Amino acid sequence: MSSTMQFLETLGRDAALSRMSPAEFAAAVDGLDADDSVRQALLERDATRLGDLLGGRQKMWCALVLPDDAPEEEQQQENDEDSDQPQQPSESIAFGRN
């Protein structure tokens, strides 16, 4: 299985490999130390079956959770960004003032 994973990693890392001819791809797959079912899934480009054979997950979730106790300054910035009122420049960056 590790040679299959290395093969997939190499394909993902090198964009030039995506332009291999079907014969070149088949030769690369045949050179893998993998089960026939894994090779067949690769040749058919069947990602679902390949994932099942390799023990992958069908779905993966990613979530970001922000703490409720964010500093007051960050909360104020979020409120300012959500406001529909036009932003007024602060005096330190206002133009034409001395």
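Here is a walk through this predicted model, from the overall fold down to a few single residues. Residues are numbered from 1 along each chain as its sequence is written, and side-chain values rest on heavy atoms, with hydrogens and water left out. Because the model is predicted, local features need pLDDT of at least 70 and side-chain atom pairs count only at pLDDT 80 or more, while totals for chains, interfaces and linings use all residues.

Let us start with the whole chain. The protein chain has five helices and zero strands, so its pattern along the sequence reads α-α-α-α-α (helices are DSSP runs of H or I with at least four residues, strands are runs of E with at least two, and both are numbered from the N terminus). Of the 98 residues in the protein chain, 15% are buried; here buried means under 20% relative accessible area, exposed means over 50%, and partly exposed lies in between, using a 1.4 Å probe and protein chains only. The accessible surface of the protein chain is about 8700 Å², and carbon and sulfur atoms hold 50% of that (Shrake-Rupley method with a 1.4 Å probe; for residues, only the protein chains shown count as cover). Among contacts (heavy atoms within 4.5 Å) between residues at least 6 apart in sequence, 29% join residues at least 24 apart.

Now turn to helix α3, residues 36-43, whose buried residues are V38, R39, A41 and L42. Looking down the axis of α3, these buried residues fall within an arc of 160°, so they line one face of the helix (the arc is taken from the directions from the helix axis to the C-beta atoms). They pack against α1 (2-13), α2 (22-30) and α4 (47-54).

On the α1 side you can find T4, which counts as buried because its relative accessibility is 1%. Setting aside neighbours within four places in sequence, T4 is in contact with A34, V38, L42 and L54. D35 sits in the loop between α2 and α3 and counts as exposed, at 53% relative accessibility. The C-alpha atoms of D35 and T4 are 9.6 Å apart, although 31 residues separate the two along the chain.

After α3 comes R45, in the loop between α3 and α4. R45 is exposed, with a relative accessible area of 57%. Its phi is positive, about 55°, although R45 is not a glycine. Most residues other than glycine have a negative phi.

R45 also brings us to the largest pocket, as it is one of the lining residues, along with L8, L11, L17, S18, M20, F25, A41, L42, D46, A47 and L50. On a 1 Å grid over the protein atoms alone, a pocket is an open set of points with protein on both sides within 12 Å along at least five of seven lines, and lining residues have an atom within 4 Å of a point. The volume of the largest pocket is about 180 Å³, counted as the space filled by probe spheres set on grid points joined across faces, edges and corners. Helices α1, α3 and α4 each supply at least two residues of the lining. By class, the lining has nine nonpolar, one polar and two charged residues (Ala, Val, Leu, Ile, Met, Phe, Trp, Tyr, Cys and Pro count as nonpolar, Asp, Glu, Lys and Arg as charged, and the others, Gly among them, as polar).

M20 counts as buried at 19% relative accessibility, and it touches L11 and F25, not counting residues up to four places away in sequence.

Conventions. On a 1 Å grid over the protein atoms alone, a cavity is a set of points where a 1.4 Å probe fits but cannot get out, and a pocket is an open set with protein on both sides within 12 Å along at least five of seven lines; lining residues have an atom within 4 Å of a point.
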